Amino acid sequence: MKKILNSVDTAIHWIEDIVSAVSLAAIVAIAAANTIDRYIFDSGFLWADELNQALLVTMAMFGSARAVRTGGHIEFGTVSSLPKSKSVRIAIRSAILAITIGFLIFLFIICAQYTARGTILSTVLKVPRMYYYMSMPIGFALCLYEYIRTSKNKIVNDPISEGNE
């Protein structure tokens, strides 16, 4: 069972990395091509801004989950490290993590509802906007997964050296 869970975790890790990198590469390529087309050929791609908007949301959501995995988000380290007692520090970290997970659940639900109602068509490509914003609930779900996966490490591991007890 543990081997299956590790395989799923590895797959999620690869998905986060690949989607983030491909989204960024596509944004750069589309923006560069649109700039060249606009300034050299005096035209432009009408769809470029619309697609880059969707890709930017996708990159941000998958990149945010990736940042949780790699410890790239800012945390309240100073607040949770102030008390001398390790049990108080663990309690503070637990409360911060519970608030974070609650907020992510709220955002997941709101974004899933918003995406489900996205029947409005995009201006240029005439694609339902729900496809543009599907990455929002997926990204929040991935963030939830990453926070839950790393919760024990975030709560128990103490950045303060044991000599200060």
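Is Y133 buried or exposed? Y133 is buried, with a relative accessible area of 12%; buried means under 20% relative accessible area, exposed over 50% and partly exposed in between, computed with a 1.4 Å probe on protein chains only.

The model is predicted: local features need pLDDT of at least 70, side-chain atom pairs count only at pLDDT 80 or more, and totals for chains, interfaces and linings use all residues. Residues are numbered from 1 along each chain as its sequence is written, and side-chain values use heavy atoms, with hydrogens and water left out.

## Helix packing around α6

Helices (H or I, at least four residues) and strands (E, at least two) are DSSP runs numbered from the N terminus. Axes are lines fitted to C-alpha atoms, for helices over the stretch in contact, and angles run from 0 to 180 degrees between N-to-C directions. Helix α6 covers residues 135–149 and helix α4 residues 86–116.

| Helix pair | Angle | Axis distance |
|---|---|---|
| α4 and α6 | about 160 degrees | 8 Å |
| α1 and α6 | about 130 degrees | 12 Å |
| α2 and α6 | roughly 0 degrees | within 8 Å |

Angles under 35 degrees count as roughly parallel, over 145 as roughly antiparallel, 65 to 115 as roughly perpendicular and the rest as oblique.

The pair of α4 and α6 packs at an angle of about 160 degrees. That makes α4 roughly antiparallel to α6. On the α4 side, the contact (heavy atoms within 4.5 Å) is made by L97, T100, I101, L104, I105, L107, F108, C111, A112, Y114 and T115. The α6 side supplies M136, P137, F140, A141, C143, L144, Y147 and I148. By class, the residues of this contact are 17 nonpolar, 2 polar and no charged. Here Ala, Val, Leu, Ile, Met, Phe, Trp, Tyr, Cys and Pro count as nonpolar, Asp, Glu, Lys and Arg as charged, and the others, Gly among them, as polar. The crossing of α4 past α6 is left-handed, a term for a near helix turned anticlockwise from the far one by less than a right angle, with right-handed used if clockwise.

For α2 (48–70), the axis crosses that of α6 at roughly 0 degrees. That makes α2 roughly parallel to α6. From α2, the contact takes in V57, T58, M61, F62, S64, A65, V68 and R69. Its α6 members are S135, M136, I138, G139, F140, L142, C143, Y145, E146, Y147 and R149. The residues of the contact of α2 with α6 divide into 12 nonpolar, 4 polar and 3 charged.

Helix α1 (residues 2–40) packs against α6 at about 130 degrees. The two helices are therefore oblique to each other, and their crossing is left-handed. D9, I12 and E16 of α1 meet L142, Y145, E146 and R149 of α6. This contact of α1 with α6 holds 3 nonpolar, no polar and 4 charged residues.

## Aromatic pairs

A pair of aromatic rings is described by the distance of the centres and the angle of the planes. Rings of Phe, Tyr and Trp (its six-membered ring) pair if their centres lie within 6.5 Å; planes under 30 degrees apart count as stacked, over 60 as edge-to-face and the rest as tilted. The whole structure has 3 aromatic pairs. The rings of F45 and W47 have centres 5.2 Å apart and planes at 25 degrees, so this pair is stacked. F45 is partly exposed at a relative accessible area of 30%, and W47 is partly exposed at 32%.

Y114 and Y133 form a tilted pair, 6.0 Å centre to centre with 55 degrees between the planes. Y114 lies in helix α4 and Y133 in the loop between α5 (129–132) and α6, so the pair ties together parts that are 19 residues apart in sequence. Y114 is partly exposed, at 45% relative accessibility, whereas Y133 is buried. Ring pairs link Y114, Y132 and Y133 into a cluster.

## Individual residues

D42, in the loop between α1 and α2, has a positive phi of about 55 degrees although it is not a glycine. D42 is exposed, with a relative accessible area of 72%. K126 lies in the loop between α4 and α5; its phi is near 60 degrees, a positive value in a residue other than glycine. K126 counts as exposed at 52% relative accessibility.

I4 lies in helix α1 and is exposed, with a relative accessible area of 53%. I4 and L125 are 121 residues apart in sequence and 40 Å apart in space, C-alpha to C-alpha.
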